[in-house]
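My entries follow in the order I made them.

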Amino acid sequence: MLPLLLIVLAIVGLLIVMRREAGAIPALAVLGVLGLAGVLFGASFTGILLLIGALVVAAAGLPALRSKWLTPRIFAIFKKVAPKVSATERTALEAGSVSWDGELFSGKPQWNKLLNFKDDGLREDEQAFLDNQCAKATGMCNAWDIAKERADLPQELWDFLKKEGFFGMIIPKEYGGLGFSAKAQSMVLQKLSANETLMVTVGVPNSLGPGELLLKYGTQEQKDHYLPRLADGREIPCFGLTGPRAGSDATSLPDTGVVCKQVVNGEEVLGLRLNFEKRWITLAPIATVVGLAFRLFDPEKLLGDEEDRGITLALIPRDTQGMEIGRRHHPIGSPFMNGPIKGNDVFVPLDTIIGGPDMIGQGWRMLVECLSIGRCITLPSGATGTARYALGWSGGFTRVRRQFNVPVAEMEGVQEPLARMASLAYISAATVYQTANLIDHGEKPAVPSAILKSQLTEFQRVLLSDAMDVHGGKAVTLGPRNYLGIGYSANPVAITVEGANIMTRNLMIFGQGAIRCHPYVLEELAAKDANDIKAFDKAFFGHAGLIFGNAARAFTLGLGLGKASVPFDGPAAIYAQDIARLSASFGLCADAAMASLGSELKKREMLSARLGDVLSNLYLASMVLKQWKEGDKVEGEEALLHYSCRFLLHRAEQAFVEIFDNLPNRALGKVLNAITMPTGRRWDKPNDDLARDIAQRVSSHSALRTKLLVNTWDKDDGEQRNPLARYNALLVEYERAEKIYRTVNKAYAKGELPQTALHPEARVEAGLEKGLISEEDAQFMRTFEAEVLEMLTVDDFAYDAFATDKSTLIDHNVKPVAKPTSEEAGIK
């Protein structure tokens with residue numbers, strides 16, 4: 001009995017020490033005391049084993065002992081197996097900052113570090129811009145007119161955008177810009193997302209482009225000249241990075257610049273001769289100034305001893321001789337301005353380099369540092385705005401669209417996608433807002449930018465597909481009345497640009513995070529590069545302590561022992577506690593994958609993607625909880641919180657299972673499964689009761705629907721009719737209409753109304769004649785049904801409307817000319 005008791009006490013004691021990451025001395029004390037107790041009280045064998053364990057801990061855990069024999073051996077092995085980090089990879093790793101993503105990597109997230117980023121909301125001028133200028137700009141858009149009739153925004157809208165400073169949101173007020181916060185930029189783009197082309201047109205100049213690059217790196221002269229002109233729209237910028245052979249692998253630029261001298265206006269000028277070919281450049285067809293990325297060479301060594309000077313960025317006026325610009329690509333689904341740029345022996349002076357000669361060769365660092373912010377805002381905000389509009393349209397449509405004498409919103413087959421849409425919109429809004437809040441506090445979230453870009457645009461893909469499904473024929477028939485179809489067809493653009501989602505998910509989220517966010521890996525690599533064994537010893541054994549700590553935390557929390565302390569109460573507490581559990585599991589699995597695969601993990605993209613999926617879902621769930629804690633709650637929101645958190649944590653656990661099933665070392669996978677999920681999976685998909693409740697609320701005039709649609713364009717006050725406002729108005733009146741529907745439909749079913757009263761309008765008139773409803777109700781229903789019918793109606797066109805070459809038209813209804821009979825032919 002005593003040996004068993006000693007072993008149990010040793011395991012419990014070591015788990016406590018490991019979970020607290022208390023170090024070697026407490027572990028040594030546990031094993032030493034219990035070992036001596038065994039020897040003294042008749043359990044000699046067990047006691048001796050425990051004492052041997054104490055010696056092993058001392059030899060490996062005490063710095064004075066391990067540094068003499070163990071550390072040098074581990075350091076030698078590490079230098080052989082550690083992945084090589086290229087200069088461009090190191091630049092990307094060092095760009096941006098680490099915040100909550102680092103806490104999730106640690107396995108012991110400190111929630112107060114996230115909650116300490118207080119949210120002060122929008123400034124008065126930001127909210128006013130959102131309410132007024134954004135509403136007016138959105139109200140000037142008709143998707144059909146923009147996409148099919150003019151392939152451009154209307155001229156009056158371009159003028160309005162320039163006049164009101166939409167292109168200068170990130171430019172400080174001292175340069176004539178709006179000086180908006182990241183949160184305000186995000187909210188503006190969400191509101192403009194009612195039209196894809198409008199959102200992209202405004203978003204790109206305020207994201208990765210000359211404006212942001214000039215702000216951070218430009219010379220004072222460049223700032224003074226360009227920033228005021230960018231702010232008021234006198235200059236329209238674009239940025240040329242990608243090309244035929246450089247897309248996701250942007251570091252392999254084939255475009256070149258050569259340092260040279262050339263006579264200009266009778267004077268010898270030191271400058272650059274550029275040769276480049278760029279594609280997929282947003283705003284290029286109308287840009288007045290082009291930001292350009294290229295590889296700079298100095299073969300004559302006019303600037304110094306180096307010949308290859310690295311990736312460099314320059315700012316080139318549109319009318320520069322030798323540059324070909326103005327042609328257009330045709331982006332799928334949306335005619336936003338996008339096109340190629342070419343240059344053949346284009347000479348520019350040295351002062352066109354952004355930041356001047358001091359920034360030569362710094363182009364890649366400049367780009368990735370800008371991306372860490374811009375990629376968090378533009379496309380994630382567009383996806384979030386799209387989610388909210390699609391949800392609003394779909395909830396309204398499914399309530400007024402009736403089949404089998406009931407609204408289709410009452411059918412569970414429709415309620416399932418409606419609830420999913422509401423959850424994805426809720427998660428997206430919380431994530432993009434809280435991440436923008438981090439930016440406003442000075443963070444430059446590199447890894448979260450990859451999470452937001454890939455995850456929220458994928459949410460947009462699912463959400464738009466659900467919206468198309470519940471709209472049915474209304475959405476698959478294009479025309480001016482179709483508010484959904486063109487945006488749906490444009491969705492692949494968001495999936496592909498600013499880092500294709502396949503690459504981002506498989507290579508960037510975990511690949512960058514494993515080194516950048518891990519508490520020790522970057523230190524270990526730095527110690528290797530510096531051949532600093534003392535620094536390596538500290539980092540490596542700190543890392544070892546973290547592994548043991550995460551294993552203990554994951555196992556005990558998986559058993560329900562010692563719940564993590566979290567600053568949440570009510571329904572959020574259980575989710576925060578499980579994020580802590582899964583964070584420990586993630587930290588352990590990340591280290592196990594890196595240790596077992598080493599540099600080979602780079603090639604195991606599917607494993608890397610699944611590890612990234614875990615991190616992504618934990619990050620998204622964390623942002624939902626922060627938003628829940630700090631925001632005002634409305635009736636029905638708790639159901640949406642439960643649905644969203646269960647959805648995300650279920651996905652995280654599924655990713656873990658797929659990691660365990662696909663690790664090359666099968667035994668390691670089974671051990672990790674046993675440690676991290678000792679009682680099995682905890683989270684099922686959200687249940688049907690939650691889905692029904694949420695779907696009812698988002699398809700009705702409810703507090704939850706109102707909250708989900710806040711800061712969208714929801715007033716019918718624009719130059720174009722607003723479908724969201726029209727659905728909202730119908731939902732306000734729907735309860736009254738539903739009572740009348742029931743009355744006349746029940747009477748019809750009983751045979752009290754003529755069998756020819758097949759349409760709602762006919763039944764209303766028949767019901768009035770029978771005295772079942774009042775004249776007031778009948779007039780109400782005439783107006784209500786007319787508006788419903790308008791919202792259900794689709795467009796039709798002239799037979800030849802779609803043929804651009806009218807000469808190819810075939811008239812299928814022309815009667816064939818009768819062939820003459822043989823007798824007639826003979827007469828002729």
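How many salt bridges does the rule find across the interface of domain 2 and domain 4? I found two salt bridges there. A salt bridge here is a side-chain nitrogen of Lys or Arg within 4 Å of a carboxyl oxygen of Asp or Glu.

Ground rules came next. I am reading a predicted model, where local features need pLDDT of at least 70, side-chain atom pairs count only at pLDDT 80 or more, and totals for chains, interfaces and linings use all residues. Residues are numbered from 1 along each chain as its sequence is written, and side-chain values use heavy atoms, with hydrogens and water left out.

**Entry: the domains.** I noted domain 1 (1-68), domain 2 (91-117 + 377-703), domain 3 (219-223 + 234-353) and domain 4 (723-792). These bounds come from an automatic or database domain assignment.

**Entry: domain 2 against domain 4.** I looked up their C-alpha centres, which lie 45 Å apart. The contact (heavy atoms within 4.5 Å) takes 17 residues from domain 2 and 15 residues from domain 4. About 1,500 Å² is buried between them, and carbon and sulfur atoms give 66% of that. Buried area is the accessible area (1.4 Å probe) that two parts lose on being put together, summed over both. In domain 2, V400, R402 and H701 lose the most area to domain 4, together 37% of what that side buries.

R402 came up again. Its side chain meets that of E738 in a salt bridge (2.9 Å, N to O). Helix α16 (residues 363-400) gives the largest share of the domain 2 side that touches domain 4, seven residues. Helices are DSSP runs (H or I, at least four residues), strands are too (E, at least two), and both are numbered from the N terminus. I sorted that side of domain 2 into six nonpolar, six polar and five charged residues. Ala, Val, Leu, Ile, Met, Phe, Trp, Tyr, Cys and Pro count as nonpolar, Asp, Glu, Lys and Arg as charged, and the others, Gly among them, as polar.

**Entry: helix α16.** Which residue forms a salt bridge with E369? I found R365, with the closest N and O atoms 3.5 Å apart. E369 and R365 are separated by about one helical turn because they are four residues apart in helix α16. L371 is also in helix α16. Leaving aside its neighbours within four places in sequence, L371 is in contact with L208, C376 and S449. L371 and K444 are 73 residues apart in sequence, but their C-alpha atoms are 9.1 Å apart in space.

**Entry: the whole structure.** My search of the whole structure gave 45 salt bridges.
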